[in-house]
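Dear colleague,

Please find the structure below. My notes on it follow directly after.

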Amino acid sequence: MSAPNPEPVLEVEGLSTTFRTDEGELIAVDGIDFEVHEGETVCIVGESGSGKTVATESVTRLIKEPPGTIDGTVRFNGRDLMTLNKKELRRVRGKQIAHIFQNPQEAMNHCYSVGWQIVEALTVHDDVPKAEARARAIDLMDRVGIANASARFDDYPHEFSGGQKQRVMIAMALVGNPDLLIADEPTTALDVTVQAQILKLLNELQDDYGMSMLFVTHDLGVVAEIADRVIVMYSGKVMERAGVYDIFEQPAHPYTQALMDCIPDKGRDVGGIPGSLPNPHDPPDGCRFAPRCEHAIEDCTVGTQPEEVDLDDDHSVSCVFYQSGYDSTVVEQGGTIERSTGDGTEVEATDD
Amino acid sequence: MTEPILSVRDLKKHYPLKAGLLNRQVGAAKAVDGISFDIYPGETLGLVGESGCGKSTAATSIMHLEEPTAGEVIFNGGGRAGTSRNEDGTHPNDVTRFNKTELKSFRRDAQMIFQDPASSFNPRMPVGDAVAELLLVHGMSDRHRRRVIVEDLLERVGLSATDYDRYPHEFSGGQKQRIALARALVLNPDFIVADEPVSALDVSIKAEVLKLINDLQEEFGLSMLFISHDMSVIAKVCDRVAVMYLGEIVEIGDTDTIFESPQHPYSEALLSAIPTPDPRNRSQGIELTGEVPDPSNPPSGCRFHTRCHRVIQPEEFDLGAEEWRNVLHLRDQVAIDALELDSIRENALADRDKEETEIPDSVIKSQIRDEFDVPETLTDPALDETLGEALDYLVDEDVETATKTLKETFQTPCETEVPEHVDHGDGHRSACLRNGSEHERVELAADD
C-alpha cells in the first residue's frame, strides 16, 4: 500500500506550539511526534480545539511568531524546516508543501479573477511566460474538474459555488507539484454530495502526482474514505495512532472509542461525549482525557500524559490501562466487541 | 385521521430577476416551485437536499419571514384546531393571509432555529436577556418571572442558571446552539423549524445536540420541520422525510421506508453520499456529478434528469446505462457549444509527431469520444452511425447541424415528460418516470 521508501517525507519530533495570551501561556500542541511517508495519507482527527490545525500549520511555520512559539524539529525531505530563514521557507511553502483550508471563500481574494490567482501562485515559484502560465492554469483547472475551464478562467470567485471554489483551491495547491499536501478540513464546509466528489478528486490527484497528504478532519466518516494511517489528537497530545483498519476495527483508546460512537448511525442512540475539552491554559495532570473518560481511575489523574504503548506494528496508544500492571480488558471491551456488531461488513475482509 | 398541525399546499416562492433600464422583470428564480406536505402533531418531518435546492427558502416562506409567491400554509397549532374552510375557499388558519396581530400570535406558536448560532445572538447582550426578550415582546412585563422562566429553561437544555448573565462569546458553538434551543422553546411553541441546526458543529457536539433535540421534542410534545443536507442526521431525528430537488419535492415518506427502499434516484444518491465509517468499503456509492442547476432556468421534464444515474432510454434503444448517460452528456455539451475543438486539436497535435501539422478528422473524433468516455463504437450500430454523422458536422465546425442531429435521435423521456407523484402506500410518494407503469420495463433493463 505505501512507504517503499523507508525515509519519511515529513518527520515531526517533539513539536510544541504555545501562544502568549493575556491569561498566560496557552499550550495548543504539547510535544507530538509523527511522520508521513511517500505517497501516504495521514489523517489527524480530533474535536475542535484539540490542536490539530495548529499542529499542521506549525509544520510550515504559518503560525505567527510571536505571539506563537514553535519548538521541536520538523524534517522535510531531510531538511529541518525550523532552521530555515524566511526566504528559504517561502520556497518550501506552496511549492513543496501546499496547504488547502476549510473555507475556500476566505482563502481567495474576491477582487481578482480565479485564473489570475492561479497564475499568481504559478509565477511566484516559477519564472514562466504569461501565456504559458495561463495555459498551465487552465490545464490545472481542467484537471480538478472545472467544466469549460478556459471560459471560466476570467470569472471571479463569487461566480463559483462552494465546491468549485474548493476545486480551484486544490488547483492552486498543485501549481508547484508539491511533495506534501496539507488539507485542513477541506470538505467540512461542503454538502455531503460535494464532499464525496472532492474526496474522490483528492484520491485521484494523489495517485497522479504521487503526493503525500496530511489530512485534518473531525469526521471519522471522511477518515474512513481517505486515510492510510490515523493520528487521534486530544488537547494537544496524541492519544492513539494506527493504520486505518486498526483504528476502526480495534480502537484502543477510550477517546477514539467515544469518537466512533458519535458517528450518526441509524438505530443507535448516541449522546456525544459528555463534558468538554480541558482548559488549554491549565491542562489537567495525567491523561488529558481522564476527566471525561468513563474508565478513569486515580492513576489516570497523576503525573503526565502516559507514554505511548505499542500494541502492534504501527499501532500505539497513550492510556494507563495498556501499561504493564494494569488490566487492558477494562477499556478494550468498550470498543472492539461492540463495534463488530455495529456494522456487519467489516469483520470478514482480510485483504491488504 | 387526526388533523395535521401544519399543511403546506402548493407553496411557491419565486424571486424576480430584473434587468435593463426600466428594471423590467425578465424571469424568475423559482427557489420553491410548488411543494405540498403535512406535519402531524408530535411528528418531525425532515426536508433534505443539496445546497441550492430551496430548502431554506421553503422554511422562511412557511414562517412568513418572506412573502410566498403562491400557495397556502395552514397552521392549526396554538388553539387554532378544528376550523373549516371559509365559503370563498380560503382557510382561516392560512398563514399567508394572516394580518399583523394574527402573525404576531403565530410567531409565538411557531419558532425557528438557524444554522449558525454565532451570528444569531447579539454579542453585546447577555444570553439570558436574549432569551427573555421574547417573553417581554409577547407581553410578560414582570422581570423576575422572566428570569425564573429563562433560568429554568437554561437548565433544561443542559446549561446552568448562572449562565444567564454571560455573553455569547463565552460559550462554545454547541453551547450556543443549546441557548438557541432555549430561545426557541421559551414561548412554549407547538411547532419549530430547525434550519440545519447541527451543520456547523463537530461530530461529538452534533450527536449531543441531536440527542437534546430528540429529548426536548418528547418533553414538550413539539412538531418539527428539520432541514438538513445530511441523510445521516435526518435518520437520527426524523419520523418522515421529504427529499427536495430544485424547488420540488421528489420523494416523501417514512424515514425507515426511504432508507430501506428509496424510489427516486436522487434519494438513492443522497443516501449513498453518507460517508460510511468503514475503511474497507470505500467510495462504492453513486457519484452525483455536477451541482444543482440554475433555478431560473430549470431543466425540462424531470428536473433531475441532467444528473440522474438512471436516466431512461427510449424503448427501442439498447445501450449500456453508462454509455447512454455519457452520450447524453456529450449531446448537452455540444448543444451549448462547450467543446473546445481548438484545444482538442492542440492536444492531439502534441501527442503526435512534430512534423505533422494536419490532424486527420478521425483522430479528433475519437479524442472527443474519449473525452466523454463514449466507446469507439456504440453497442447499437444504427445509433453509432448517427453519432458519427453528428461528430462529422462538429469537426466541420457546423455546431448547429451537429446539435440538431444529436437532439433528433438521442432523446430521453425524462426530458419531455414531467413525472407525476406515484403513491407507494403509507404516504410514501415519489416523482420519477421509472415508477410509472409505462416505464417499468425500462427500469428492469437499467437495473442490471
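How many bridges join β10(B) to strand β11 of chain B, and in which direction do the two strands run? The two strands, β10(B) and β11(B) (residues 429-430), are joined by 2 bridges and run antiparallel. Within β11(B), R429(B) stands opposite D423(B). Helices (H or I, at least four residues) and strands (E, at least two) are DSSP runs, numbered from the N terminus, and two strands pair if DSSP finds at least two bridges between them.

Before the remaining findings, please note the conventions. Residues are numbered from 1 along each chain as its sequence is written, while chains are lettered from A and ligands numbered from 1 in the order in which they are written. The model is predicted, and local features need pLDDT of at least 70, side-chain atom pairs count only at pLDDT 80 or more, and totals for chains, interfaces and linings use all residues.

Confidence. The predictor's confidence in each residue, pLDDT, runs from 0 to 100. Chain A has a mean pLDDT of 84, with 91% of its residues at 70 or more. Over residues 333-352 of chain A, pLDDT stays under 50, and the model has 20 contacts for them beyond four places in sequence. A contact requires the C-beta atoms of two residues, placed from the backbone, to lie within 7 Å.

The sheet of chain B. The strands β10(B) and β11(B) belong to an open sheet of 8 strands with mixed pairing, in the order β5-β6-β7-β3-β8-β9-β11-β10. β5 (110-113) and β10 (422-423) of chain B each have a single partner strand at the edges, so one side of each is left without a neighbour in the sheet. In the loop between β10 and β11 of chain B is D426(B), whose phi is positive, near 60°, although the residue is not glycine. D426(B) counts as exposed, with 9 C-beta neighbours inside 10 Å. The cut-offs are 20 or more other C-beta atoms within 10 Å for buried, 12 or fewer for exposed, and in between for partly exposed, with C-beta atoms placed from the backbone.

The interface between the chains. Contacts link 36 residues of chain B with 37 residues of chain A. On the side of chain B that touches chain A, α6 (203-220) and α7 (231-237) each supply at least two residues, and α6(B) gives the most, with 6 residues.

The domains of chain A. Chain A is divided into domain 1 (10-231) and domain 2 (252-343), with bounds that come from an automatic or database domain assignment. Taken over C-alpha atoms, the centres of the two domains are 30 Å apart. The contact takes 10 residues from domain 1 and 7 residues from domain 2.

Local features of chain A. Strands β11 (residues 309-312) and β12 (residues 315-317) of chain A run antiparallel and are joined by 3 bridges. D312(A) has H315(A) as its bridge partner. In this hairpin, which has 2 residues between the strands, D314(A) takes a positive phi near 65°. Two cis peptide bonds also deserve attention: the bond from E65(A) to P66(A) has omega near -25°, and the bond joining P66(A) and P67(A) has omega of about 10°. P66(A) is in the loop between α1 (52-59) and β4 (68-76) of chain A. Most peptide bonds are trans. Finally, the buried residues of helix α4 (residues 114-125) of chain A include I118(A) and L122(A), and the cover over the buried residues of α4(A) includes α5 (130-143) and α7 (162-174) of chain A.

With kind regards
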